[in-house]
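Welcome, and thank you for opening your viewer. Let us walk through this model one selection at a time.

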Amino acid sequence: MPELSTDATSTGAPREFGPPLLSMEAVTLRFGGVVALNDVSFDIREGEILGLIGPNGAGKTTCFNALTGVYQPTEGRVVFDGKPLGNRKRYQINRLGIARTFQNIRLFQNMTARENVLVGADSHHRAGVVNSLFRLPLHRRETADGNRLAEELLDLMDLGHRSEDLARNLSYGEQRRLEIARALATKPKLLCLDEPAAGFNPVEKQRLMDLIRRVRDLGNTVLLIEHDMRLVMGVTDRIVVLEFGKKIADGLPSEIRNDPAVIAAYLGVDDETDEEGTP
Amino acid sequence: MSTPTTTARPPRLTFGERWSRLPKPVKIVLWVVLALLVYALPLLNPPILSTPDSDFGSVMFTVASYGLVALGLNIVLGYAGLLDLGYVGFYAIGAYTVAVFGSLHGKVPFVLLIVLAVCISTASGLLLGAPTLRVRGDYLAIVTLGFGEIVRLVFLNTQWFNGARGITDVPRPPSLDLFDVPQLQWDGFTAYVDLGTQSTFLKFGLLDGIPYYWLTLTVIIIVLIADVLLQSSRVGRAWEATREDEEAAELNGVPTFRYKLLAFAMGAFIGGLSGALYAARTGVVNPETFIIQLSILFLAAVVIGGQGNRWGVLLGAVVVAYLPERFREFAEFRVLAFGLLLLLLANFRPQGLLPPRRARRAKAAAQELEELEHSGAAGGDTKEGGIRA
């Protein structure tokens, strides 16, 4: 029987997941002379919540951008659902089934919450100019479907009461949740969240983590970038640690917690002794 | 104790709210009445509205064609957020298509000419947009500015287009000649029917501008309906999202380039159509007509009126095209006046005379918030005062 308790993950018992949904295969990303990602490989398996952590500037967001098609890897490739991303356009990558949120919120500020979600829902609609102009059945069906989906997702994200408010007038926390709703509306196989709890207090963070778990339980795979170690440990099934663009660890939360390389990366022990050692 | 700051003020209804509360049949009747009034405007010659120094029917045609252009440019600028400074190029292409194939190099029937004009200007929009819509903001403005000038210079310097001489004898729309409609004339504020100046229903002649006005107004109404249907659909949402944040839109599955190109093509379609109607009305096209200043006037109509609001840009077209004709004595100062108006607008109504829904809603919400905070603070004050006393 799957997941009797929510903290099954923190006990370290390995959960069973499906085949890899997304594989980073030896991805290197250079900007001029700067190596932002250096030979990074890892898998995201179907149905898991994968945490991507690392100190500031470790390349988390770059990694994110590489796997949502914002950046093209200099070397290596990203394979999603058996298909290499190659040089697909960004919206095509979204249609393959990867959706994301942004570290600094990027909603359509002058559209209502509902309209924001509808834009996401439109990604799997097909009605174009002719259908819209003549209000053909396809347009009507998709409009109804989109509105239903938007309502569901807004309720899921606890935003049902704000559906007709402009995105810019929502509170910070609501805006973060609205971004998740918009991303979910594209019906992704993989949902990528870039520091979704940034700026939250502990209570809000806890609530968000419950939400993320709920999203996963609905059948989504989640990639989560997060700063707060405790939080990541609580919610993720597996963790990948980056430092200076390199992967330094990959494993269960319990393993990561005791990994000397990770501890060193976060506390800077090695560096300090190194500096002291070489005057 | 009397109730403090939160007085039971009757809720102020905006025009839009009142309007949306009306039952549907009433709305339809009101729409029809309004449309009929607008159609009849040049026949009624209302004393204050009518232009004393020039033929009111012709002025109304000019206003209507500016309105049509403004609606087209509004799709490009107001919905998709693309700054197009060369919109006059499409207008010129529409006008020249009618002139070239209707008079100079052929005798194509009028209806076909319009279709041809629209097709060619739309195609030119696609051709211009496909490479240039990859650049953003200021760059796009410069590229389109260049396009507008290039179109004019090509017409000016190509013998096949008759160069600087322009083209005359542009065909007029086929007339119907059904019946005569008398006009009202005014002696002070008393009206009398003037049987001397009659307008023949749909006789597209040289002098009477009213049939052309009716034709253009009909086109405007069709475009308006299409505009409403499109903006409230998936297409309109995609434009809005693209304008708001192109990258976020793209990453949420909106093929932004395709939608920008669509907006551009639609703008070119409407621009070409109004150019064709212009050529049919004046009977003459000349490269001198399609100078860059016309682009700026079109843009002014959209910006003054309120980009993104179809009623706003129509109002803007009225301001730009009608006022200089009404106050002919000041017509020479028209550019100065627009400059001043734009400055004042930028200061007091940065979203235009009639801001789009989104700006209005945002403002209302901000006001509400402020009032809430204010009343909260004021309530606190009175309480404190009470304790102190």
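Here is one idea to keep at hand: two residues are in contact if their C-beta atoms, placed from the backbone, lie within 7 Å. Helices (H or I, at least four residues) and strands (E, at least two) are DSSP runs, numbered from the N terminus.

A word on what you are looking at: this is a predicted model, in which local features need pLDDT of at least 70, side-chain atom pairs count only at pLDDT 80 or more, and totals for chains, interfaces and linings use all residues. Residues are numbered from 1 along each chain as its sequence is written, while chains are lettered from A and ligands numbered from 1 in the order in which they are written.

**Stop 1: a helix pair in chain B**

Select residues 88-104 of chain B, helix α4, together with residues 110-132, helix α5. Which residues of α4(B) meet α5(B)? Look for Phe90(B), Ile93(B), Gly94(B), Thr97(B), Val98(B), Phe101(B) and Gly102(B). Facing them from α5(B) are Leu113(B), Leu116(B), Ala117(B), Ile120(B), Ser121(B), Ser124(B) and Gly125(B). By class, this contact has 8 nonpolar, 6 polar and no charged residues; Ala, Val, Leu, Ile, Met, Phe, Trp, Tyr, Cys and Pro count as nonpolar, Asp, Glu, Lys and Arg as charged, and the others, Gly among them, as polar.

Now turn the view to see the axes of α4(B) and α5(B), which come within 8 Å and cross at roughly 140 degrees. Axes are lines fitted to C-alpha atoms, for helices over the stretch in contact, and angles run from 0 to 180 degrees between N-to-C directions. The two helices are therefore oblique to each other. (Angles under 35 degrees count as roughly parallel, over 145 as roughly antiparallel, 65 to 115 as roughly perpendicular and the rest as oblique.)

**Stop 2: where the chains touch**

Stay on chain B and show chain A as well: 25 residues of chain B are in contact with 32 residues of chain A. On the chain B side, α7 (210-231), α8 (234-244), α9 (246-251) and α14 (357-388) each supply at least two residues. Which helix gives the most to this side? Colour α8(B), which contributes 7 residues. The chain B side divides into 14 nonpolar, 3 polar and 8 charged residues.

**Stop 3: the domains of chain A**

Next, colour chain A by domain: domain 1 covers 16-97 + 189-279, and domain 2 covers 109-187. These bounds come from an automatic or database domain assignment. The C-alpha centres of the two domains of chain A lie 28 Å apart. Their contact takes 9 residues from domain 1 of chain A and 8 residues from domain 2 of chain A.

**Stop 4: a helix pair in chain A**

Select α3 (residues 113-121) and α6 (residues 172-185) of chain A, whose axes come within 6 Å and cross at roughly 30 degrees. That makes α3(A) roughly parallel to α6(A). The residues that meet include Ala113(A) and Val117(A) in α3(A), and Leu178(A) and Arg182(A) in α6(A).

**Stop 5: strands and a hairpin**

Finish with β1 (residues 20-31) and β4 (residues 75-80) of chain A, which pair in the antiparallel sense over 5 bridges. Two strands pair if DSSP finds at least two bridges between them. Click Glu25(A) and then its bridge partner in β4(A), Arg77(A). Move on to β5(A) (residues 83-84), which runs antiparallel to β4(A) and is joined to it by 2 bridges. Here Phe80(A) stands opposite Lys83(A). β4(A) and β5(A) form a hairpin with 2 residues between them, and Asp81(A) in the turn has a positive phi of about 55 degrees.
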